[in-house]
Amino acid sequence: GIFRRDRGGNDGRVNAWHTEGGCAGERGAAMDSGRSGAATGFDVLRKGAEARPELSVMQATLEGLAATKDPRAAAILFAEAQPGISERIRMSALAGLAELKEPVEREHAQELAAAVRAALDDPFLLVRLTGEQLVGTFALRRFRADIQRDLSAPLILQREMAQEILEQLRQ
């Protein structure tokens, strides 16, 4: 594993890299690191993402990065939200962008539009739905037609979500 809980007086927060421990422990440690508020949390998680851990640990690492609220996390999340990356990782990265709403809107508007466009065009339904959620979260009215298309989708989930997002866009 990549993460290990520090037993050296860091309040149990993650701040060390090792090759021991189980996947569940690593996942929990990654999420704890993001939520800890510790100044080193972002750096620990950045290194974790660079190490390309097992899928569930990577998802937790991305969630932890978003939870840090550190604007630098946006670049990592955008990189992991690209087509060609595992769908589950893409979904985690896209969802994490919503946690960084202010810095993403302020500093990454074009990247956000490109990531949302790619997600809305993705053949994997859950990636598309995650992209749709970003349309609502960021009030991206330019994608209204894409959302309206789902009003007649075969799945109730898609139709209901489209209605909710269109309502968000009306506000």
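Reader: What should I know before we start?

Author: This is a predicted model, where local features need pLDDT of at least 70, side-chain atom pairs count only at pLDDT 80 or more, and totals for chains, interfaces and linings use all residues. Residues are numbered from 1 along each chain as its sequence is written, and side-chain values use heavy atoms, with hydrogens and water left out.

Reader: How many helices and strands are in the chain?

Author: The chain has 10 helices and 2 strands. Both are DSSP runs, numbered from the N terminus: helices are H or I with at least four residues, strands are E with at least two. Along the sequence the pattern reads β-β-α-α-α-α-α-α-α-α-α-α.

Reader: Why is M58 called buried?

Author: Buried means under 20% relative accessible area (exposed is over 50%, partly exposed is in between, with a 1.4 Å probe and protein chains only). M58 has a relative accessible area of 1%, so M58 is buried. M58 sits in helix α3, residues 55–68. Across the chain, buried residues make up 45% of the 171 residues.

Reader: What does M58 contact?

Author: Contact means heavy atoms within 4.5 Å. Leaving aside neighbours within four places in sequence, M58 contacts A49, R52, P53, E80 and I89. M58 and I89 are 31 residues apart along the chain, yet their C-alpha atoms are separated by 7.1 Å. Of the chain's contacts with a separation of 6 or more, 57% are between residues 24 or more positions apart.

Reader: What makes α3 roughly parallel to α5?

Author: The angle does. Axes are lines fitted to C-alpha atoms, for helices over the stretch in contact, and angles run from 0 to 180 degrees between N-to-C directions. Under 35 degrees counts as roughly parallel, over 145 as roughly antiparallel, 65 to 115 as roughly perpendicular, and the rest as oblique. α3 and α5 pack at about 10°, with axes 8 Å apart. That makes α3 roughly parallel to α5.

Reader: Which residues meet there?

Author: From α3 come L55, M58, Q59, L62 and A66. From α5 come R88, I89, S92, A93, G96 and E99. By class, this contact has 6 nonpolar, 3 polar and 2 charged residues. Here Ala, Val, Leu, Ile, Met, Phe, Trp, Tyr, Cys and Pro count as nonpolar, Asp, Glu, Lys and Arg as charged, and the others, Gly among them, as polar.

Reader: How do you know that α5 is roughly parallel to α8?

Author: Their axes cross at roughly 5° and come within 9 Å. That angle makes α5 roughly parallel to α8. On the α5 side, the contact includes M91, L94 and A98. On the α8 side, it includes L126, V127 and L134. The classes are 8 nonpolar, 2 polar and 2 charged residues.

Reader: What covers the buried residues of α8?

Author: The cover includes α5, α7, α9 (144–149) and α10. Among the buried residues of α8 are L129, T130 and V135.

Reader: Why is α4 called largely enclosed?

Author: 6 of the 8 residues of α4 are buried, so α4 is largely enclosed by the rest of the structure. The buried ones are A73, A74, I76, L77, F78 and E80. They pack against α2, α3, α5, α6 (101–107) and α7.

Reader: What makes a set of residues a nonpolar core?

Author: The members are buried Ala, Val, Leu, Ile, Met, Phe, Trp, Tyr and Cys residues, joined through side-chain atoms within 4.5 Å. The largest such core has 38 residues. L62, L65, L94, V104, V116 and V135 have the most contacts inside it. α7 gives the most to this core, with 6 residues.

Reader: What does V116 touch?

Author: Not counting residues up to four places away in sequence, V116 touches G131, L134, V135, L140 and F143.

Reader: Is Q158 buried or exposed?

Author: Q158 has a relative accessible area of 5%, so Q158 is buried. Q158 lies in helix α10. Beyond residues up to four places away in sequence, Q158 touches L125, R128, L129, D150 and A153.
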